[in-house]
Amino acid sequence: MEAHPPRTSLWNDPKARGIIFQALLVAVLSYLVFWIVRNTIGNLEKQNIASGFAFLDTTAGFGISQTLVSYSETSSYGRAILVGFFNTLLVAVVGIIAATILGFVIGIARLSNNWVISRLAYCYVEVIRNIPLLLQILFWYVAALRSLPSKREEPLSLFGLVDMNVFGLWGPKPIFGEGSSTAVIAFIAAIVITIFMRRWAHKRQDATGQQFPVGWTTLGLIVGLPLLALIVTGFPISFEWPVFVDTGPVFGRGFQLGVGLNIIPELVALTLALSIYTASFIAEIVRAGIQAISHGQTEASHALGLRHGPTLRLVIIPQALRVIIPPLTSQYLNLTKNSSLAVAIGYPDLVATGGTVLNQTGQAIEIIGIWMLVYLSLSLTTSGLMNWYNQRVALIER
Amino acid sequence: MTDLSYVRADESPNLPPPVNTTGVIGWMRANLFSSIGNTILTLIGVFLAYSIFEPLIEFSLINAVWEGENRQACVAPPDSGLHVGACWAYVKAYLPQFIYGRYPIDERWRVDIVYGLFALLLIPMAIPGVPFKRTNALLLLIAYPIVAYFLLTGGFGLQIVETNLWGGLLVTLVIAVTGITASLPLGILLALGRRSNLPIIKLVSVIFIEFWRGVPLITVLFMSSVMLPLFLPEGVNFDKLLRVLIGVTLFSAAYMAEVVRGGLQAIPKGQYEGAQALGLRYWQMMGLIILPQALKLVIPGIVNTFIGLFKDTTLVLIVGMFDLLGQIQSSFTDPTWSSPTQAHTGYLFAAMVFWSFCFGMSRYSLFMEKKLHTGHKR
């Protein structure tokens, strides 16, 4: 006789029920997508908007205040969006670097034995992270930077190197003369030599126990080689300083636009706000990471005769990084996504330039699609890179 | 041999500890001036604190203007060289607008009732020892939204108030509270979906969560205000506030899902197996055994998501709605109060309001974390 499986109704069979539920979900979702697409096509026809990405080749006709790649009003919409994308990248990279440095300093200050320093760091974290980022951006842009000297007044000078007025930051602009490529090549060569030197020193220390002054050699190479190249080629790099004299052609004060290196105030405000805000979160991450390392590690390291510096560098930080990296990644992603708030103060980032294009062409779906695609791929790339790094520093267990 | 002997019969009294190790002086020596490096740090810290707090206090208190009818009060007479600080008179004059927006003046009692009811229901909910939690939760989550909806929008003999008249703190709170209450159930479903054994449900949940978490909120808001009307059939038109609410809810549901997933993962496998061994079905297992424990674990995470959402409500000003920050921003265009310190004052006020809400909530989350840490972690 054949063995019959127990007879159950289809509804009570978990496998069958799973398939039914999933089929239902697929059906509902496909109908939803179909419904949305049908409505959208209908609406677009009514409003006479041609869908597709052909508009990207049309002449843009608007100016952009900060361009990292060549752009003019006669360039295409696609070019304008590309300019915006590079501006987003710029603010994200500068912001991430500044926020990391500030965040680590404050996170370590929070753990300081000095009461004044740790209290100050605590106040910083608790005040900054509880105030909306947009408010901080607007504060820096509308309230703080507008109070700087106007173009007719004496600019505020920082250490004689950087001047500030309502047009932003002004600094010396390097001009690369003939032969300056030698210095650049020397700089790259210095980096390559440093990497090999460090490997060799590490190997030698593993084999013989002898130490090599890696830090000083690195500094000497990175500074010395390009300097040597500059001396040999006779200093081809010169600096163009911004012009601020008491009498002059423009505005009566000799303030000249387009001379010297100018950083627009929108970029200053956005970078300041983003890095100050994100630093408060990074500080908490760093503090938690360091506190996660048990005190026994420090004591053991001291017992082995390591001093305070090497203890931190060789024992505590490598272990703390393991705890710090994953949340740090999500803060970097947050900063990148938050840079889209640039649109509120008119910094020409991806969203702001895209918004202008959207207003001029009405291609809502395409523009929003581009935005989302770009931010999604930035997010996925960053988290991919960070995961790779995380795997490298992760604890290798049996 | 000698009869000179001395045996002390009682203990000598304890000497007091050295002056410089106790009290304020001892504390300062240990914490502020223990070494040269530490002393330098202390001095730098004191200097920093002074250069931050001195101008702040001078601006917001000492030089501030408290009373006045218009901008004259807040503008220093020319050539007087006076520094006028914060113009609190302007905030005072604008306060009703910051709280209610352009809500009709005669109907503002309705908003007051909504605010009051919310506080009345939320406070007993938030204090752990108060009884009737279940009734309270039902009232807060089911009865209250209906009452608040009709009170705010009108109907049943109340004058209809269009949502474009709403503004200020009202819009901020409506978006934040609706966003969080609507996104919690959606987030729980998504989290369950992400941990489901059914491949398609899992895939759909993962795509949904990762998509919303990968894009900035501002693009979501643009999407809901520009693209959503295109998706709907002709003639169907949503209110702008509702469209923003949909966007915000979907966005925060993705974040909520990740918070809840963290809680689900923290529940030991034995709990799932135990529930199945008792013959509970999936929803019984989740509803009776897993979710009550998981949600309790992630209350701090939920509060943190709420704080994030509360701060993010300011973004709606970019799509042309007037939340608290938007209302303050728009008041800067009023010539009656235009003065050099108007923007500073407005932003300082907004910062204080947002800060007190967010700081209060984060303290509450810390308190709950301590309270709920009942020590059965593995």
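Which residue of chain B forms a salt bridge with Glu126(A)? The partner is Arg363(B), and the closest N and O atoms of the pair are 3.6 Å apart. By salt bridge I mean a side-chain nitrogen of Lys or Arg within 4 Å of a carboxyl oxygen of Asp or Glu. Between chain A and chain B the count is one salt bridge.

A quick word on the ground rules. This is a predicted model, where local features need pLDDT of at least 70 and side-chain atom pairs count only at pLDDT 80 or more, while totals for chains, interfaces and linings use all residues. Residues are numbered from 1 along each chain as its sequence is written, chains are lettered from A and ligands numbered from 1 in the order in which they are written, and side-chain values use heavy atoms, leaving out hydrogens and water.

Now, the interface. Here 50 residues of chain A are in contact with 54 residues of chain B, contact meaning heavy atoms within 4.5 Å. The two chains bury about 4500 Å² between them, and 75% of that is on carbon and sulfur atoms. Buried area is the accessible area, with a 1.4 Å probe, that two parts lose on being put together, summed over both. Gln22(A), Asn130(A) and Met372(A) supply 14% of what chain A buries against chain B, more than any other three residues.

There are also 13 residue pairs in polar contact across this interface, both residues being at pLDDT 80 or more. A polar contact is a pair of N or O atoms within 3.5 Å; within protein, one must be able to donate a hydrogen and the other to accept it, and residues adjacent in sequence count only if both atoms are side-chain atoms.

Which element of chain A gives the most to the side that touches chain B? That's α1(A), with 12 residues. Helices here are DSSP runs of H or I, at least four residues, and strands are runs of E, at least two, numbered from the N terminus. The residues on this side of chain A divide into 34 nonpolar, 12 polar and four charged. Nonpolar covers Ala, Val, Leu, Ile, Met, Phe, Trp, Tyr, Cys and Pro; charged covers Asp, Glu, Lys and Arg; the others, Gly among them, are polar.

Next, the domains, whose bounds come from an automatic or database assignment. Chain A has domain 1 (27-163 + 258-362) and domain 2 (173-240), with 31 Å between their centres, taken over C-alpha atoms. Chain B is divided into domain 1 (23-62), domain 2 (88-101 + 168-372) and domain 3 (104-160).

Finally, an unreviewed UniProt entry lists residues 285-307 of chain B among its transmembrane regions. In the model, that span is 96% helix and 0% strand, with its end C-alpha atoms 31 Å apart. For chain A, the unreviewed entry's transmembrane regions include residues 49-69, yet in the model this span is 0% helix and 0% strand.

Conventions. UniProt positions are given in the numbering used here, feature names are shortened, and annotations may be inferred rather than shown by experiment.
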